[in-house]
Structures are given as C-alpha cells and as structure tokens.
Amino acid sequence: MPEQIPEKMQAVVCHGPQDYRLEEVAVPRPGPGEALIRVEAVGICASDLKCYHGAAKFWGDENRPAWAETMVIPGHEFVGRVVELDDTAAQRWGIDVGDRVVSEQIVPCWECLYCKRGQYHMCAPHDLYGFKRRTPGAMASFMVYPAEALVHKVSPDIPPAHAAFTEPLSCSLHAVERAQITFADTVVVAGCGPIGLGMIAGARAKSPKHVIALDMAPEKLDLAARCGADITLNIAETDVAERIRGLTNGYGADVYLEATGHPSAVPQGLNLLRKLGRYVEYGVFGSDVSVDWSIISDDKELDVLGAHLGPYCWPAAIRMIESGVLPMDQICTHQLPLQDFQTGLDLVANGTESVKVSLIPA
C-alpha cells in the first residue's frame with residue numbers, strides 16, 4: 001500500500017547567518033522524472049557550519065560566489081527512502097519505491113561546458129543541495145531528487161547515519177584520486193575529521209609506503225590508525241618535519257592531503273613535501289590564506305591541486321562503507337533528532353566532542 005504523504009513537514013530553514021529555524025513547511029511534490037524521498041539521516045558538514053556563521057565565501061561579496069541563499073533548507077549529505085516516483089525516474093536511476101538511495105551533492109545542468117566534458121562536478125550553475133532555493137536540502141522530513149540528479153542505491157542493512165557518510169567519503173576519495181598515489185609514496189594527511197579519515201582510508205587502499213596522519217587530538221589520531229594510518233603524529237607534541245625527513249632519507253613526503261581548512265596547514269604542507277611533491281587541497285577556508293609561492297615554483301616545483309566534491313567516486317564510497325572496513329560507529333559519533341539541529345551545529349563548531357554529527361528526521 002502506498003505511503004500516506006502528509007501535507008506539512010518539519011524543516012530547518014535558513015533565514016541568514018546564525019538564523020536557522022525549525023519550521024513547518026509544505027511537503028515538496030515531485031515533478032516529471034523526479035523522486036520524493038523520506039529523509040532518514042542528514043550529516044552536518046564544515047561547509048554547513050561556515051554558511052551558518054556567515055563566512056564571506058558562502059554569503060558572497062564582489063569577489064566570491066554566494067553559495068548559500070536565505071529561505072533554503074540546508075543539508076547536502078543525506079540518505080533516504082523512495083516514497084514516490086514515476087516510470088521515467090525509476091528507469092533512469094534503476095530504483096523503485098522503498099529503495100534506500102543517496103544523491104550526489106551537486107545537481108548538474110548537463111548543458112554547460114563542464115557537464116558536456118564529463119566534469120559535472122564543476123557545473124557552471126553549480127546547484128548544490130541545501131545552498132540554493134531551487135535545490136532544497138535534506139534537513140527536513142522529505143526532499144525531492146530532481147530529474148538531473150545523480151542517484152545511487154545503498155544497502156538497507158547499514159544504519160542511516162553510516163549511509164549518509166557516503167557524501168564526505170566520496171569527497172575524500174576524489175582528493176586521493178587527484179593525488180595519483182603510488183606504491184612508493186609517503187602520504188601525509190593533515191586533519192583527522194570526517195574528510196581526513198576518508199582520505200586516510202582511501203590512501204591506504206592505494207597501498208603506499210606510509211600513510212601519516214596529523215592532528216592535535218589523541219582520540220582522532222587513534223581513529224586515524226583504525227582507518228589505515230600506519231604513523232600518527234600529534235603536531236602539538238612532535239616536530240613533524242623532522243620526523244618525516246627521518247622517514248624519507250631527508251627528502252620529505254611525496255603527497256600532502258590537506259583536510260583541516262586551517263590556514264596554518266597550508267605552509268605546513270608545502271614545507272613537508274619533497275621537491276616535485278604533490279599537494280592536494282580539500283579544506284574549505286573561512287578567510288584568505290597567504291604562502292610563499294617561491295616554495296611551489298623555484299624551490300620545489302610542486303604540483304598543487306584542488307579537489308572539489310566527489311565525482312565518479314560515489315560507487316566506491318558506498319562499497320567501502322558497506323564492506324565494513326571503516327570503523328563507522330566511531331566515525332558517526334552523534335545522531336540527533338531534527339529539532340536539535342542547533343546542538344548539532346554547536347557540536348561541529350566545538351570540534352573536540354564529535355567526528356560526524358547527523359540529524360535524524362522523525
């Protein structure tokens with residue numbers, strides 16, 4: 001029997017910086033080729049937090065894109081069950097009512113230069129769930145997957161919060177792919193939050209010589225070891241540069257993956273790398289970062305690469321989570337009801353009491 005869909009639902013609505021409200025809004029209705037999803041879990045990301053606090057990169061100025069709009073429902077890492085869709089959507093995505101599904105965080109236009117080249121994650125309109133009104137996010141009881149979305153099935157046998165971790169893990173795996181890790185490499189991952197832990201797991205899957213995790217929190221370094229780091233270094237207690245030089249005959253690391261979003265991690269990485277090393281930046285910064293560019297050019301001739309979203313990495317992320325190789329119960333530390341969204345934001349802002357915080361709509 002088809003699920004009875006209510007007319008109203010609870011949703012978190014953005015009214016501006018530090019002004020998110022739990023409200024009763026209309027349940028969205030799917031159009032042709034779309035799917036209505038009952039949300040099971042939605043993660044809170046550092047990007048959500050920076051939007052909430054009004055970072056210029058998100059709220060926009062004349063030099064930066066305005067990623068967040070008011071009156072939008074946030075939430076771009078999520079999982080849910082299909083409750084309604086037409087034949088077109090079912091055939092396109094290979095899904096049916098009752099399936100557990102995730103959708104990639106970007107809804108591509110499929111018409112711009114980047115989409116036509118297969119680089120859909122850099123789509124020019126760049127409609128991300130939870131940042132624009134035309135693509136509402138998942139901090140709600142229901143959401144719609146638009147016809148242009150990329151949708152993947154996930155096992156019904158894992159907890160919802162684990163399934164929602166597909167989004168950050170896909171981002172981590174994309175950064176690892178950008179690094180082109182080889183068997184002989186010494187890989188350094190800065191930051192053992194959700195993205196950094198995924199980078200550690202992805203790097204370990206490439207079987208390099210070393211995967212070195214950097215952080216200041218002992219409990220996060222312990223978790224990094226469970227995710228595949230063979231060396232963990234507390235940057236508050238260890239001369240990291242000296243230790244890495246000792247491991248590499250004085251040369252430095254081959255690869256540095258930055259996942260903190262902290263300005264100090266950028267020069268740290270440039271200095272830890274050997275000549276001709278590879279730097280991959282995934283962190284989202286709340287302010288500008290300045291470095292000595294001569295290190296990149298004249299001193300070391302580094303490859304400096306950005307990484308954005310998780311293109312083509314979602315199936316691998318899903319397989320990794322479903323396989324049980326990751327300590328997901330330790331990564332997904334907090335699951336809160338939707339009405340406790342403020343507590344969730346505060347936990348992420350604190351940074352020391354949680355790893356991945358998720359909201360569970362009723």
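**Close-up views of a predicted model**

**View 1. Ten of the twelve residues of helix α7 are buried, so the rest of the structure largely encloses this helix.** Buried here means under 20% relative accessible area, exposed over 50%, and partly exposed in between (1.4 Å probe, protein chains only). The model is predicted: local features need pLDDT of at least 70, side-chain atom pairs count only at pLDDT 80 or more, and totals for chains, interfaces and linings use all residues. Residues are numbered from 1 along each chain as its sequence is written, and side-chain values use heavy atoms, leaving out hydrogens and water.

**View 2. Here is α7 from end to end, covering residues 194-205.** Helices (H or I, at least four residues) are DSSP runs numbered from the N terminus, as are strands (E, at least two). From first C-alpha to last, α7 reaches 17 Å, close to the 16 Å expected at 1.5 Å a residue; the expected span is 1.5 Å times one less than the number of residues. Among its buried residues are Pro194, Ile195, Gly196 and Leu197. After α7 comes serine 207, with a positive phi near 60°.

View 3. Leucine 113 counts as partly exposed because its relative accessibility is 47%.
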